Structures are given as structure tokens and as C-alpha cells.
Amino acid sequence: MIDAVLRGVKAVNRVTLIGLGILLWGGVMIVLVDITLRLFGTSLGGTDEISGYLMAIMAAWGMGYTLTVLGHIRIEALRDRLGDNLKLALDVLAIASVAVVVTLIAVKGWPVLERSWVSDSRANTPLETLLWTVQLPWLLGWAWFALVAWVQFLAALVLIVQGKKARALELIGTANEGQPQS
Amino acid sequence: MMTYLVVGLLGMLALTIPVGIVLFLLGFGVSNFFSAFPLMKALGRMVWSTSNSSSLIAIPFFILLGEILVRSGIAKTTYSALDRWVSWLPGGLVHANIATATMFSATSGSSVATAASVSTVAMPQAKALGYDPRLFSGAIAAGGTLGIMIPPSINLIVYGFLTQSSIPQLFLAGLVPGILLALGFMVVTALICMINPSLGGQRRHFSWSERLASLKDLLPILLLFVAIVGSIYYGIATPTEAAAVGVGGAVLIALSFGKFTWEMVTQSVVGTVKITSMIMLIVIGASFLNFTLASAGLGTKLDDFLTGLGLTPLTTLLVIVLMYVVLGMFIETLSLMVVTIPIVVPLVAALGFDVIWFGILMIVLVEMALITPPVGLNLYVVQSARGEGRIGQVMIGALPYVLVMLVMVAALIAMPEIALWLPSSLQ
């Protein structure tokens with residue numbers, strides 16, 4: 001059961017990555033086309049605005065994936081000195097805090113989308129973008145992040161109860177004892 | 001409130017709660033305990049307005065640029081070209097390590113990417129030519145830190161965003177200190193190897209025709225630097241646009257080396273998404289904390305706090321510097337910057353210091369954090385590329401360069417013009 005759910009999360013993340021790749025390269029292309037057009041005295045218009053939306057959506061959807069590859073930075077100076085049981089206790093606390101906080105963000109994000117939807121708000125820009133069309137994928141990204149966090153939290157608990165501590169550590173521990181980027 | 005912030009921050013970080021989440025939790029606490037307004041209502045709107053940012057999209061673009069360059073094979077040709085120019089100095093190839101890292105820093109916004117690129121090409125040489133592994137690997141770890149100082153710099157973009165200061169100005173301010181640091185690293189290397197020649201390898205001599213012939217190998221990376229940084233300096237492009245141009249340039253370089261494959265594209269995207277999301281969770285968290293602190297009246301509380309301390313501005317600044325040196329031993333670079341910006345930058349500004357200048361000072365301090373044990377990311381990056389020996393050797397090898405950074409910190413405090421001269425003269 002756990003394995004099937006975790007495989008499902010992985011599959012969704014794979015599709016997400018393809019989408020994010022298209023958004024990322026699309027963003028680069030749009031900006032490059034705009035710069036080229038500017039050399040000829042014209043412009044696409046609204047590139048800034050589109051980049052902003054791309055950023056919001058990309059970051060939101062990427063966070064769920066990053067959680068599954070243990071990419072969110074945790075300060076491990078203390079954890080490294082502990083035994084496996086205590087490490088696991090900290091890992092459970094960490095993933096639980098992610099789940100709770102991100103759920104709160106997603107819940108508080110709902111009124112933002114709802115207001116745009118109900119009042120058909122448009123951005124105060126030349127593109128006059130219908131805001132809900134970009135806020136919907138943004139909020140879904142945060143909701144997905146929250147869901148992934150809960151799945152990992154619950155899966156880890158089940159694994160711990162089953163005595164599979166090594167697998168739980170693999171799931172919610174730290175990546176290769178941490179090699180984040182900066 | 002200051003006690004709550006410091007104890008809460010350090011306590012939750014020690015519990016290994018992810019840094020971004022810690023910032024949100026601190027913000028929730030400030031909102032509940034120290035503010036008269038229901039700030040939580042603004043959470044959704046804050047998260048939307050922070051992430052919907054056309055200036056922050058420069059971050060994934062610069063990361064993508066670095067991801068492509070690392071895989072393009074250009075590090076190898078750059079390294080061998082710079083070898084011809086600088087390895088005659090006492091210390092030999094160690095200088096090529098520093099020079100290559102400096103060149104890469106001028107196109108890459110990340111210290112880890114810079115250290116990773118250089119160590120992959122340089123480390124095999126150390127063994128083959130009989131270099132002392134300590135100094136050789138320490139120089140790569142230290143040289144790599146320049147990635148966040150010499151523009152473009154992801155950390156400076158984040159600093160500019162959170163402190164609402166000009167990113168182009170920050171980029172300009174980082175250039176001179178970055179070059180001075182690189183020169184300082186080379187001087188220290190030469191001195192050490194003059195005193196104890198066994199630490200460096202053979203000094204290498206090349207003819208001028210060999211050197212001139214190698215210039216063509218430096219051309220792509222120089223052009224890329226000019227395209228990125230030049231377009232920002234001359235106001236032709238915003239940092240975001242310059243980053244997109246940089247990605248275009250990196251693709252051309254990868255194509256010319258025959259390395260632009262489908263596999264490379266997918267790996268670059270995966271790497272970019274991961275690092276971007278990791279950074280964005282922290283940045284959005286810090287932004288929310290910033291907002292709650294400002295609404296809870298951090299400004300007046302800081303004034304009281306400072307008056308209560310009764311220290312001169314310089315003494316307070318030195319306390320802050322000391323705090324960064326100590327925290328830097330345990331907290332990873334970007335986190336260290338972002339978690340401290342909401343508290344420290346208003347304080348520094350209230351003391352009358354320039355925010356752009358302080359950004360550069362902070363970068364030197366977090367560069368130091370990258371190579372000071374026990375937690376120094378670049379040390380681990382270089383060690384993993386080495387694949388043998390103990391990490392302690394890299395740590396020892398990096399120590400002389402930590403001293404250079406401390407000298408730079410002192411120089412920046414004594415002569416702020418080192419950072420501020422270039423941006424003010426081009427204004």
C-alpha cells in the first residue's frame with residue numbers, strides 16, 4: 001500500500017518535472033525573444049508579468065518534488081551526532097512541521113484565488129491577465145506540496161511502526177548527509 | 001521579541017526543521033504574540049506576491065546557466081588555458097585552481113557549482129603531478145566561494161530582493177572585492193609555497209606563443225561574462241534578462257563542445273527545479289517573517305535594544321561580524337544570510353551603515369561559512385570530487401584562505417570604498 005502511494009507521488013512528480021522544464025525553457029525563450037525584438041524597436045510586451053507568474057508556479061510545484069528528494073535545507077550540525085532513533089525522531093518532527101505549515105499556507109492561499117475567481121479580477125497591467133488563471137495552478141502547486149508532505153509523514157510513521165527504520169530514514173532523512181546548493 | 005527571535009530561530013534550526021519552515025513558524029509566532037493586527041490573514045497574499053516576482057526568476061535562469069556550463073566541458077579548456085598563464089608562480093597549478101574558479105564565478109551565480117566544476121577537472125592533476133592534497137583542494141574550495149561574490153550572484157539577488165536594494169548596484173559592489181579576494185588567495189598561495197616549496201608542485205613554464213594560443217579557449221567564457229555583466233552595467237538588460245542571455249550563451253558553448261544532449265537538458269532542468277524550490281521556500285519564508293516583524297514594530301524595538309546595549313556602531317558591527325563567523329561554522333550559506341537579514345539588516349541600517357556595502361560584507365562572511373568546519377559546503381563538494389583521503393585535509397588546506405577573507409572583512413570595514421567606489425562612480 002505504502003509503496004503504491006509513494007510510487008504514485010513519484011509518477012506525478014515526473015510529469016510535473018516535464019511541465020516545469022517546459023515552463024523554464026519557455027521563460028528563457030520569451031525573455032530572449034523580447035530582447036531580440038527590442039533591438040528592432042518593438043517588444044512582446046508583458047514579459048515581466050509572464051516571468052513573475054512562471055516563477056510563482058514553478059516554485060510552488062517544484063517544492064513537492066524537492067521534498068521527495070530531501071532537497072529542502074535542514075541544519076544538520078546537531079543531528080549528525082545522534083543515533084538513528086533520535087535522528088528519526090527529529091526527521092518525523094521536521095516532516096510534520098512541513099506538513100502543518102504548508103497546509104496552512106495552502107488554506108490561507110485559497111481566499112486569494114477565491115477573490116480573484118468571484119470578482120473576475122484582472123492584473124493591473126497591459127496584459128490584463130485574468131488572475132485566477134495563474135493563481136489556480138500556483139495554489140494547486142502548494143496543495144500538492146502539502147499532500148506530498150502528509151504522505152511522507154504518514155508513510156514514515158507506518159514504516160516506523162513496522163520496524164523498518166532504515167526505510168523511514170531513507171524517506172524522510174537527509175540527502176547523502178546533506179549536499180544542498182547555494 | 002529579540003529573545004524570542006534568537007532562541008526560537010536557533011532552537012528550531014537545531015531541531016533540524018527545514019530552514020524555510022522555521023522562518024514561517026517564527027513569523028506565525030510574531031503575528032500571534034507581538035502584533036496587534038491579525039497578520040495571518042495576509043499569509044496567502046504574501047506568499048503569492050513574493051513568489052510572483054519577475055526579478056526572482058533570475059535565480060532559476062542563473063542556476064540553469066550554471067547547470068549547463070558545468071556539463072558543457074568548458075571547465076577543462078579554461079583550466080588548461082589558465083594553467084599556461086599563472087602556473088609559473090610559486091605554487092604552480094594551485095594558482096590555476098584559483099584563476100579558473102574566479103573565471104567561473106564571473107559567469108556562475110553559485111559557489112557550489114563553481115567549486116564542483118573546478119574540482120572535477122583539477123583534482124586528477126593533483127595526484128598525477130604530486131601536489132600536496134591539502135593546499136591544492138583547499139584552494140579550490142576557497143576559490144569556489146567567489147561564485148557568490150563576483151557577479152552574477154544568486155545570493156546577492158536574494159539579498160537585494162529581501163532588503164529592497166538595487167541588484168545591479170550590488171553586483172557592481174561585489175566586483176572589486178571579488179577580484180581582490182582572488183588576488184589575495186594567489187598572494188597567500190605564493191607566500192606559503194615560497195616558505196615551504198613542498199606544498200606546491202613544480203612551477204610550470206610556457207612560451208608566450210603557447211600562452212597566446214590558449215587565449216582562444218578563454219574567449220567563450222569571457223564573452224559570456226561580458227554579455228551577462230556588461231548588459232546589466234550598461235543598463236541594456238535587467239538581471240533577469242541578462243540571465244536569460246547567459247543561458248543562451250551557455251547553450252551555444254555546450255553546442256560547440258558537442259555536449260548539448262537531451263540527457264543534459266533533462267538533468268539541468270531537474271537540478272534547476274530542485275535548487276530553485278529549495279531557495280524559494282526560504283526566500284518566501286523570510287519575506288513573510290520580514291513582513292510580520294515590520295508590522296510588529298521591529299524598528300522601534302531595535303532602537304530600544306541598541307540604546308540598551310550602549311555600544312558604539314563599530315562595536316555593534318564587530319559583534320555582528322563575530323556572530324556570522326561563529327554561526328557560519330554550523331549554518332549553510334544561503335540559510336545563514338536569509339535567516340539573519342530580517343533582523344540584522346534593519347539593525348545595521350539603523351546604525352547608519354550603507355545597506356549595499358553591508359551586503360558585500362555579509363557575502364564575505366558567508367563565503368567564509370562555506371569553508372569553515374564543521375559545516376562548510378565547499379569543503380564537502382571538493383572532498384566528494386576527490387573521492388579519497390580525509391575531509392580534514394581539505395579543511396586544513398582552506399584555512400590560509402579564511403585568513404585572507406578575515407583581512408578582507410577588516411579592509412571593507414576600514415575602507416567601505418572598496419565596495420562602494422565602483423557603483424558610485426558609474427551612477
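The side chains of B:Glu241 and A:Arg38 form a salt bridge, with N and O 2.9 Å apart. A salt bridge here is a side-chain nitrogen of Lys or Arg within 4 Å of a carboxyl oxygen of Asp or Glu. Across the interface of chain B and chain A, the rule finds 1 salt bridge. The model is predicted, so local features need pLDDT of at least 70 and side-chain atom pairs count only at pLDDT 80 or more, while totals for chains, interfaces and linings use all residues. Residues are numbered from 1 along each chain as its sequence is written, chains are lettered from A and ligands numbered from 1 in the order in which they are written, and side-chain values use heavy atoms, with hydrogens and water left out.

**Interface of chains A and B**

Between chain B and chain A, 6 residue pairs are in polar contact, both residues being at pLDDT 80 or more. A polar contact is a pair of N or O atoms within 3.5 Å; within protein, one must be able to donate a hydrogen and the other to accept it, and residues adjacent in sequence count only if both atoms are side-chain atoms. On the side of chain B that touches chain A, helix α13 (residues 262–295) gives the most, with 14 residues. Helices (H or I, at least four residues) are DSSP runs, numbered from the N terminus. By class, that side of chain B has 45 nonpolar, 16 polar and 4 charged residues. Ala, Val, Leu, Ile, Met, Phe, Trp, Tyr, Cys and Pro count as nonpolar, Asp, Glu, Lys and Arg as charged, and the others, Gly among them, as polar.

In terms of contact (heavy atoms within 4.5 Å), 65 residues of chain B meet 56 residues of chain A. The area buried between the two chains is about 5200 Å², and carbon and sulfur atoms give 77% of it. Buried area is the accessible area (1.4 Å probe) that two parts lose on being put together, summed over both. In chain B, the residues that lose the most area to chain A are B:Thr16, B:Trp48 and B:Met278, together 13% of what that side buries.

B:Thr16 lies in the loop between α1 (2–14) and α2 (19–33) of chain B. The residue is buried, with a relative accessible area of 0%; buried means under 20% relative accessible area, exposed over 50%, and partly exposed in between (1.4 Å probe, protein chains only). Phi of B:Thr16 is near 65 degrees, a positive value in a residue other than glycine.

**Salt bridges within the chains**

Over all chains, a search of the whole structure finds 8 salt bridges.

| Pair | N to O distance |
|---|---|
| A:Asp91 and A:Arg74 | 2.6 Å |
| A:Arg79 and A:Asp91 | 2.9 Å |
| B:Asp217 and B:Lys216 | 3.8 Å |

Shared partners join A:Arg74, A:Arg79 and A:Asp91 into one network of salt bridges. At 2% relative accessibility A:Arg79 counts as buried, and A:Asp91 is buried at 0%.

In chain B, B:Asp217 is partly exposed, with a relative accessible area of 22%, whereas B:Lys216 is exposed at 57%.

A:Ser116 is placed in helix α3 (residues 84–118) of chain A and counts as buried at 3% relative accessibility. Leaving aside neighbours within four places in sequence, A:Ser116 is in contact with A:Ser121, A:Leu131, A:Trp132 and A:Gln135. A:Asp120 lies in the loop between α3 and α4 (131–161) of chain A and is partly exposed, with a relative accessible area of 47%. Phi of A:Asp120 is near 50 degrees, a positive value in a residue other than glycine.

**Cis peptide and nonpolar core**

The peptide bond from B:Pro151 to B:Pro152 is cis, with omega near 0 degrees. B:Pro152 is in the loop between α8 (133–144) and α9 (154–163) of chain B.

The largest nonpolar core has 224 residues; among those with the most contacts inside it are A:Trp138, A:Trp142 and B:Phe358. Such a core is a set of buried Ala, Val, Leu, Ile, Met, Phe, Trp, Tyr and Cys residues joined through side-chain atoms within 4.5 Å. Helix α13 of chain B gives the largest share of this core, 16 residues. Beyond its neighbours within four places in sequence, B:Phe358 is in contact with residues including B:Tyr159, B:Leu317, B:Ile320 and B:Tyr324.

Terms used
Helix = DSSP H or I, 4+ residues; strand = E, 2+ residues; numbered from the N terminus.
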